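Okay, thanks for coming, everyone.

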Amino acid sequence: MVNSRRMSLSDLLAQNRAWAAAQVARDPDYFARLTGGQHPRVLWIGCSDSRVPAEQVLGCGPGDLFVHRNVANIVAYNDINIAAVVQFATHNLGIEDVVVCGHYGCGGIRAACAHEAPTGYIGDWLAIAGWAQRAVDARLAAAGRVPEREAYLRLVVEENVRLQLTHLSHLSVVRDRWARTPGVPRLHGWVYDIGTGLVKAVEGSDT
Ligand code: CO
């Protein structure tokens, strides 16, 4: 495996040419087919973290997933970027399954839970995930549990997925689609484990 930090941009372009040539060698019509249009199976809303590449972890390739990624896989109400992505995916492309996928070891969630809150744009953005931390804190306090730090952060990562699904369910583009076709799009909460490569459903997240 190449250490990407050592790669120059010309290395990356050379890798691109090699990849494209290999695809054509395997399947001469590969790119011609892709130019005909896209019919992606799901909309993936994931973290920008470089260790969570949606297509690779699901064994997919070009054309399979419609992808939106941002820091800590957040669905913000005032974000016309994600609203437009959700609208295009569900209304225009006809995608019926939307996945919010968090990941253990998320630096965004770790920063959101730090004693010293992050500042600037990152702080503003991560504040949207703050309710996930407060929900976990309340649940743990009620149960009298004090998990160790990493276990605690995993709980917040999972709760953040549930929270962002709730935000998603409040977006007018989702509600409009539900009004026309009840239950579609279906919303799913997943979490990816960087340490094992495995994706699992977050308990209590499926709608
Ligand atoms: Co992350």
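So, when I say helix or strand, I mean DSSP runs, H or I of at least four residues for helices and E of at least two for strands, numbered from the N terminus. This is a predicted model, so local features need pLDDT of at least 70 and side-chain atom pairs pLDDT 80 or more, while totals for chains, interfaces and linings use all residues. Residue numbers run from 1 along each chain as its sequence is written, and side-chain values use heavy atoms, with hydrogens and water left out.

Let's start with helix 4, residues 80-92. Its buried residues, meaning under 20% relative accessible area with a 1.4 Å probe on protein chains only, are Ile82, Val85, Val86, Ala89 and Thr90. They sit on the same side of the helix because they span an arc of only 105° around the axis, taking directions from the axis to the C-beta atoms. The opposite face has Ile80 and Asn92, both exposed, which is over 50% on that scale.

What does the buried side pack against? Strand 1 (42-47), strand 2 (65-70), strand 3 (97-104), helix 8 (149-170) and helix 9 (172-180); contact here is heavy atoms within 4.5 Å.

Now the two ends. At the start, a side-chain oxygen of Asp79 comes within 2.9 Å of the backbone nitrogen of Asn81. Just past the other end, Gly94 has a positive phi of about 70°.

Leaving out neighbours within four places in sequence, Leu168 touches Ile45, Val75, Val86, Val98, Val100, Val174 and Leu187.

Next, His103, over in strand 3. Is it buried or exposed? His103 counts as buried, because its relative accessibility is 0%. Beyond four places in sequence, its contacts include Cys47, Asp49, Arg51, Tyr192 and Val191.

Strands 4 and 5 pair antiparallel over four bridges, where pairing takes at least two DSSP bridges. They make a hairpin with four residues between them, and Gly197 in the turn has a positive phi of about 80°.

Definitions and conventions. A polar contact is a pair of N or O atoms within 3.5 Å; within protein, one must be able to donate a hydrogen and the other to accept it, and residues adjacent in sequence count only if both atoms are side-chain atoms.
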